[in-house]
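Biologist: Please take a close look at one part of this protein for me, and set it in its surroundings. I am new to this structure.

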Amino acid sequence: MKINGTALIRSTIGVIWLIVGMTLLSEVSEPFKLFLVQVGGHHWIGKSIIATVAFIVLYLLFIKSRESKSILGEVLFVVGSVVLGGSIIFLFFVWHFVNG
């Protein structure tokens with residue numbers, strides 16, 4: 001079986017934003033954080049389990065995608081997602097710290 005680079009990239013981007021969303025949601029919703037604890041014993045482990053399952057599901061959904069001719073462009077989109085997602089999380093915690 002040949003690995004589909006486009007499916008890998010799209011799955012990675014999807015999981016990046018899933019983790020950003022779960023991180024923010026777990027900080028504002030105690031029931032969601034408790035759900036993550038139930039999934040994995042600790043909310044970080046729960047997020048990791050969900051992210052891994054989501055990555056596999058997304059890859060299987062995108063596996064039929066045509067290979068991109070510009071993998072570099074898509075890799076830059078992954079890097080941009082990491083930077084933007086990380087910045088959103090960072091700014092959320094700064095806002096949370098400043099506002100008590």
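Biologist: Which residue follows α2, and is its phi positive or negative?

Modeller: The model is a predicted one, in which local features need pLDDT of at least 70 and side-chain atom pairs count only at pLDDT 80 or more, while totals for chains, interfaces and linings use all residues. Residues are numbered from 1 along each chain as its sequence is written, and side-chain values use heavy atoms, with hydrogens and water left out.

The residue after α2 is G41, and its phi is positive, near 90°. To place α2, start with the whole chain. The protein has four helices and zero strands, where helices are DSSP runs of H or I with at least four residues and strands are runs of E with at least two, numbered from the N terminus. The pattern along the sequence is α-α-α-α. A box of roughly 50 × 30 × 15 Å along the principal axes holds the C-alpha atoms. Of the 100 residues, 29% count as buried; buried means under 20% relative accessible area, exposed over 50%, and partly exposed in between, with a 1.4 Å probe and protein chains only. Contacts (heavy atoms within 4.5 Å) also describe the fold: among those with a separation of 6 or more, 76% join residues 24 or more positions apart.

Now α2 itself. Its buried residues are F32, K33 and L36. They lie on the same side of α2 because they cover an arc of only 100° around the axis, the arc being that of the directions from the helix axis to the C-beta atoms. An α-helix has 3.6 residues a turn, so residues three or four places apart point the same way. The other side of α2 has exposed residues, P31 and Q38. The buried residues of α2 pack against α1 and α3 (43–62).

K33 deserves a separate look. This residue sits in α2, which spans residues 30–40. Leaving aside residues up to four places away in sequence, K33 touches S26, E27 and H43.

N4 belongs to the segment before α1 (5–28). N4 counts as buried because its relative accessibility is 6%. A polar atom of the N4 side chain lies 3.0 Å from the backbone nitrogen of A7. Beyond residues up to four places away in sequence, N4 touches Y59, F62, I63, K64, S65 and E67.

V57 is in helix α3. With 43% relative accessibility, V57 counts as partly exposed. The C-alpha atoms of V57 and S11 are 8.4 Å apart in space, although the two are 46 residues apart in sequence.

V98 is in helix α4, which covers residues 71–98. V98 counts as exposed, at 61% relative accessibility. From V98 to V28 the C-alpha distance is 15 Å, and the sequence separation is 70 residues.

Conventions: A polar contact is a pair of N or O atoms within 3.5 Å; within protein, one must be able to donate a hydrogen and the other to accept it, and residues adjacent in sequence count only if both atoms are side-chain atoms.
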